[in-house]
Amino acid sequence: MSEEITALVRRLATGDRAERQAARDGLATLGAPVVPHLLPLLREAGTPGHSAAESCLERLGPAAIGPLRAVRREGPGQLRAAALRMLATLGGGDALSAADRAAVERLVRIKLLDEEPGDLPADSWIAVPGAEVGEIVRALELHHALPVTTAMGLSAAVHHENSLTRGADDASRATVHRVFITPEFEGWRLLYGADYLRDHWASAVERLSAHCGEAHFYAVDDGNGAQVWWVSEHGQDRRGHRTYGDPEWVGEPMEFERRLMPGEEDDPGDPDEAAEYADGVRDPEEVASWISVQPTAVEVLDRVGHGWLAVTSGDVGPGGFAGALDI
């Protein structure tokens with residue numbers, strides 16, 4: 001069988017798409033024995049056949065985990081790193097051995113000593129002022145909070161699988177999300193979770209403001225031209241804007257908005273600018289620059305502490321989500 005596998009693996013690096021697909025189909029049919037033969041193609045990104053080999057291992061799914069663990073235990077040494085990455089890609093942290101999980105935790109602790117987070121995404125986030133991590137965890141009923149680098153937290157909560165739908169004993173279905181809580185920047189912590197914020201931002205802001213005094217939500221969807229920002233205080237909506245909301249505006253303009261709104265006695269100046277601020281400020285990043293912190297500017301702000309990764313259910317740990325996370 002090894003000769004057949006070798007021939008099929010060689011075809012993964014060909015330039016013919018149909019031939020690569022046929023090779024993937026053939027290797028997937030052969031199952032677990034093909035795993036050690038595919039790993040050499042994964043040693044370096046950009047190697048001919050790299051993406052085809054990765055796709056083939058993903059098709060094998062759980063059947064590949066046993067052979068990948070064997071490579072981690074027994075070598076060869078030059079394939080161990082590729083095996084570790086594929087284990088995380090296929091099964092998340094739960095697919096790793098106890099020794100590998102401990103090694104990842106040590107690496108995270110080392111990285112946290114001199115982490116330089118860089119700027120953060122500005123598509124969807126929550127901002128909370130002056131809150132301890134424990135307060136945020138309690139407000140949102142999060143579980144299994146673990147210290148993580150910012151790169152790891154964003155990988156987990158934004159860039160990779162960040163929600164799971166699982167069956168319960170009563171045959172119902174429940175969705176579990178990953179949430180990343182950033183370090184503190186100028187007194188503010190930001191929260192990320194692509195699927196969580198899409199589905200639960202309104203209730204999350206209400207609960208956080210009730211527990212922590214104040215919470216903001218910001219979102220920019222360039223695909224459909226939608227912009228949202230929302231300020232909640234002590235569990236009550238204070239001010240909000242939604243491009244496609246009905247109504248578009250909620251609450252009275254905040255002080256910073258009043259400064260930008262044209263008054264009756266003002267020189268009309270630029271009519272486009274006057275129209276833009278006639279009802280308030282629409283741009284979420286501009287709002288954040290006035291009343292919280294901009295994610296795209298945190299690199300130059302004072303930072304305290306490190307980030308935390310948590311999940312919305314006690315029954316699923318952070319390692320239950322698939323994906324090889326950045327560290």
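A: One term is needed at the outset: a residue counts as lining a pocket when it has an atom within 4 Å of a pocket point. The model discussed here is predicted.

Q: Which helix supplies the largest share of the lining of the largest pocket?
A: Helix α7 does, with eight residues of the lining. The whole lining has 29 residues, and G93, L96, R101, V104 and M152 lie nearest the centre of the pocket. At least two lining residues each come from α6 (80–91), α7 (98–113) and β2 (143–148). The volume of this pocket is about 810 Å³.

Q: Why is D100 called buried?
A: The term buried requires a relative accessible area under 20%. D100 has 9% relative accessibility, and therefore it counts as buried. This residue lies in helix α7. Leaving aside residues up to four places away in sequence, D100 touches R72 and L84.

Q: Why is D283 called partly exposed?
A: Buried means under 20% relative accessible area and exposed means over 50%, with partly exposed in between. D283 has a relative accessible area of 31%, and therefore it is partly exposed. D283 is found in the loop between α12 (271–276) and α13 (284–291). Its C-alpha atom is separated by 53 Å from that of G75, which is 208 residues apart from it along the chain.

Q: What is said of G75 itself?
A: G75 follows helix α5, and its phi is positive, near 85 degrees. Within α5 (residues 65–74), the buried residues are I65, P67, L68 and V71. These buried residues pack against α3 (35–38) and α6.

Q: What makes helix α9 mostly covered?
A: Seven of the 10 residues of α9 (residues 150–159) are buried. They are T150, M152, G153, L154, S155, A156 and A157. One of them, M152, is also among the residues nearest the centre of the largest pocket.

Q: What covers the buried residues of α9?
A: The cover includes helices α7 and α10 (194–212), together with strands β2, β4 (173–185), β5 (188–192) and β11 (307–311).

Q: How much of the protein as a whole counts as buried?
A: Of its 327 residues, 43% count as buried. The accessible surface comes to about 16,300 Å², and 47% of that surface belongs to carbon and sulfur atoms.

Q: How many helices and strands does the protein have?
A: The protein has 13 helices and 11 strands. Its C-alpha trace spans about 85 × 45 × 45 Å along the principal axes. Among contacts with a separation of 6 or more, 65% are between residues 24 or more positions apart.

Q: How many side chains are positive and how many are negative?
A: There are 30 positive and 54 negative side chains, and the centres of the two sets lie 13 Å apart.

Conventions. Residues numbered from 1 in each chain as written. Predicted model: local features only at pLDDT ≥ 70, side-chain atom pairs only at ≥ 80, totals over all residues. Heavy atoms only, no water. Helix = DSSP H or I, 4+ residues; strand = E, 2+ residues; numbered from the N terminus. Buried < 20%, exposed > 50% of the residue type's maximum accessible area, 1.4 Å probe, protein only. Contact = heavy atoms within 4.5 Å. Areas by Shrake-Rupley, 256 points an atom, 1.4 Å probe, with all protein chains shown as cover. Lys, Arg positive; Asp, Glu negative; His and termini not counted. Charge placed at Lys NZ, Arg CZ, Asp CG, Glu CD. 1 Å grid on protein atoms, 1.4 Å probe; cavity = no way out; pocket = protein on both sides within 12 Å on 5 of 7 lines; lining within 4 Å. Points joined across faces, edges and corners; volume = space filled by probe spheres on them.
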